[in-house]
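Hi everyone, thanks for making time for this.

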Amino acid sequence: MAMDERTTALSFFVERLTGAQSQLYAFIASLLAGASDAADVLQETNKALWQKAAEYDPTRPFLPWAFSFARMQVMAHRKRLSRDRLVFDDELIGQLADVFERNEGGERQLQALETCLQKLPSGQREVLAAKYERGEAVNDIAAREGKAANAVSALLYRVRAALAECIEQTLTKEVA
Amino acid sequence: MNEREMEFAELLAAVTEGRADEAQRRRLESLLRESAEWRELYVRQMRVHALLEFHGGREMVRSPGFSRSGAWPAETGTPNREPFWRGIGGHRRWLPIAVAAVLVLGTVGGWMLNRPAAVRAEVVEARNVANTFQAGSRVSLRTLQLASGTLRVRLDSGALVNVIAPAEVEFLDAMRLRVRRGKVTAEVGSAAKGFSIETAQARVVDLGTKFGVDASDSNHTDIIVFQGEVRVFNKAASKSDAASAEKLTTGQALRVDKSRRLFRIVNVTSGGREEDWSTRGALPPETIITAVRDSMEGAQPSLRNFYRIVPGGLREDARAYADSPHEWNGLDASGLPGWMLGADLVQTFNTDQFNWFMHLTVTVARPCVLYVLADRRNPPPAWLRERFTDTGVDIGWEYADPAHGIVAAKGSGRGRTLFPFRVWKLEVRQPGEVKLGPPYFEKFKGPADVRPNWMYGIAAKPLP
């Protein structure tokens, strides 16, 4: 390959990898069942992907290829962990990864999420901001809002379900 | 929600809130094993949960660079935990965080693809900068808001980045900047090939070069290549659409406006240093030559070359052209003639070297002597012979191709191989426009007729 083409291919690879960060993070965080090491495993995955950049075929979708690396890194991470830390076993990781890959949704999910967040009632947006931007504990949010903690948890559950629905619709509309 | 889904929701809450105990984790695991339906629901919930974390910037708090770094330097105050989409338009500042190089992927040349990472850099120079940056100190950058002055840093990728205020720059990683406002010049060595700068309108990918991006005006982005080659991508086009890319090489410049239309930038002006460039005609008050334009735009719409105006720029080893590395020098040890030193200089470009029909219009702001430095191998073009006076003085054009006959350098080691160019002059009594003709002396019939010729140079000194 000429130097030009190689540089261009490289910049496309970097584009893809950068664009896939939120999806890779979501994939890893799901397989780790909310364990706090998702950012570390993402970093390891980036490193592994980068080392194999030359093998990436730009005519094929990037995400499934990247997920296979993330999956291996999650499994490697699981082996490094002590027994008392929660991580699903390899079989369950495989099953969940399959679900994830079947509904991967592409690189535009983060943009779709932003669109969907705008459509939420302000009260719900505020609860999301408290938890996901400011990192407040559910107990604290509940105390401030004068609600039971499990009511706030249930609200978060419902809002996430609504967002999932909205993201799917937004992405489907884009394709149509 | 039925009872089992409520149980599932509670287990999920325990997991996402980080308070799940062993029994809850086992229970969740067994539910997930039980049916594909739970697994679908779980992935659906966890995906949105993780996207929200990523979006909200919460994951950066846990990222290794932050959690293992220890103390924050006193001047930084609290860590920046703003979500990135809010931070873009909001409060920004330097974040010289004491981040150990945990996030640096050492084996892959410092690429940092995880958005929360800060970029390590060394301060090379800080001039009139309000922030307390000291040359030689190591800093970690995420966003830079520069109200005044000039800051020069070397990123760990090797790229040397010069930022001129007022500016707002995000350091996405050691190979990627986002310029929201301001003027940035990047000098990119071979190690940092692929370095890119993006603005609202364009993404510029470097292919080993020195280039500048001006996003001071939110309506357009100006891209200037001083050396090497870059590729400019339309930000609105599909990112993998190579056809949307435009290649710029040494001495070329391009303006991308809000509607992604492309325009030639005809003049780039200079201050004392190469980084002090401008595409808006910013020049010191005593400047003589304020603009240069040519008649080639209609004839050659894809022309991207610019004329560079360097006030007081004529000295030994001054760059002769915007698009190639030749230099002006004295022909012998005495150097350039004293009456020429410090003249305003226009770096023309060599694309025009065989052109026999174009003309140039030079705008002078005060009475002056206008000099044209012309290749001596060919007869002078008629316009030059008729309107200008031959001074009888030659100066040296450095790095001549030996095939074209050389005057060996006699100077103080300044020149390697020199080639004589004749100095012609014209006294201009009134400020205004002066028309210059084509560089080639005659219309040629075909390529076989063409004799070697180089584009002329232009200089000006005030009338005594």
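Let me start with a question: among contacts in chain B between residues at least 6 apart in sequence, what percentage join residues at least 24 apart? It's 63%. Before I go on, please keep in mind that this is a predicted model.

Staying with chain B for a moment, what is it built from? There are seven helices and 28 strands in chain B. Chain B runs to 464 residues, and 56% of those count as buried. As for its surface, chain B exposes about 18500 Å², with carbon and sulfur atoms supplying 51% of that.

Okay, on to the inside. The largest nonpolar core has 78 residues, and the ones with the most contacts inside it are Leu163(A) and Tyr42(B). Which element gives the most to this core? That's helix H9 of chain A, residues 149-175, which puts in ten residues. Now zoom in on Leu163(A). Leaving out residues up to four places away in sequence, Leu163(A) touches Leu113(A), Cys116(A), Leu117(A), Leu120(A) and Leu128(A), and from chain B it touches Val48(B) and Leu52(B). Apart from that core there's another one, of 49 residues, and Val292(B), Leu360(B), Leu436(B) and Ala460(B) are among them.

Next, a helix in chain A that's worth a look: helix H5, residues 90-102. Does its length agree or disagree with what its residue count predicts? Its 13 residues, at 1.5 Å a residue, should span 18 Å, and the end C-alpha atoms are 18 Å apart, so the two agree. Which residues of H5(A) are buried? They are Leu92(A), Ile93(A), Gly94(A), Leu96(A), Ala97(A), Val99(A) and Phe100(A). And the cover comes from both chains: it includes helix H2 (21-31) and helix H4 (62-80) of chain A, along with helix H2 (22-34) and helix H3 (36-56) of chain B.

Now for a sheet. In chain B you can find an open sheet of three strands, in the order E17-E22-E27, with antiparallel pairing. On the edges sit strand E17 (289-294) and strand E27 (432-436) of chain B, each pairing on one side only. From one strand to the next, the twist averages 20 degrees. If you follow E17(B) across to strand E22, residues 360-364 of chain B, you'll count five bridges, in the antiparallel sense. To get your bearings there, look for Arg293(B), which stands opposite Thr361(B) in E22(B).

Most residues other than glycine have a negative phi, and most peptide bonds are trans. So where are the exceptions I picked out? One is the peptide bond from Ala165(B) to Pro166(B), which is cis, with omega near -5 degrees. Pro166(B) is found in strand E5 of chain B, residues 160-173.

Then there's Arg260(B), not a glycine, yet with a positive phi of about 65 degrees. You'll find Arg260(B) in the loop between strand E13 (253-257) and strand E14 (262-264) of chain B. Arg260(B) is partly exposed, because its relative accessible area is 27%.

Asp317(B) also has a positive phi of about 65 degrees without being a glycine. Its place is in the loop between strand E18 (307-310) and strand E19 (318-319) of chain B. Asp317(B) is partly exposed, with a relative accessible area of 29%.

Conventions. Residues numbered from 1 in each chain as written. Chains lettered and ligands numbered in written order. Predicted model: local features only at pLDDT ≥ 70, side-chain atom pairs only at ≥ 80, totals over all residues. Heavy atoms only, no water. Core = buried A, V, L, I, M, F, W, Y, C linked by side-chain atoms within 4.5 Å. Buried < 20%, exposed > 50% of the residue type's maximum accessible area, 1.4 Å probe, protein only. Helix = DSSP H or I, 4+ residues; strand = E, 2+ residues; numbered from the N terminus. Contact = heavy atoms within 4.5 Å. Pairing = 2+ DSSP bridges. Axes fitted to C-alpha atoms, helices over the stretch in contact; angles between N-to-C directions. Areas by Shrake-Rupley, 256 points an atom, 1.4 Å probe, with all protein chains shown as cover. Expected span 1.5 Å × (residues − 1).
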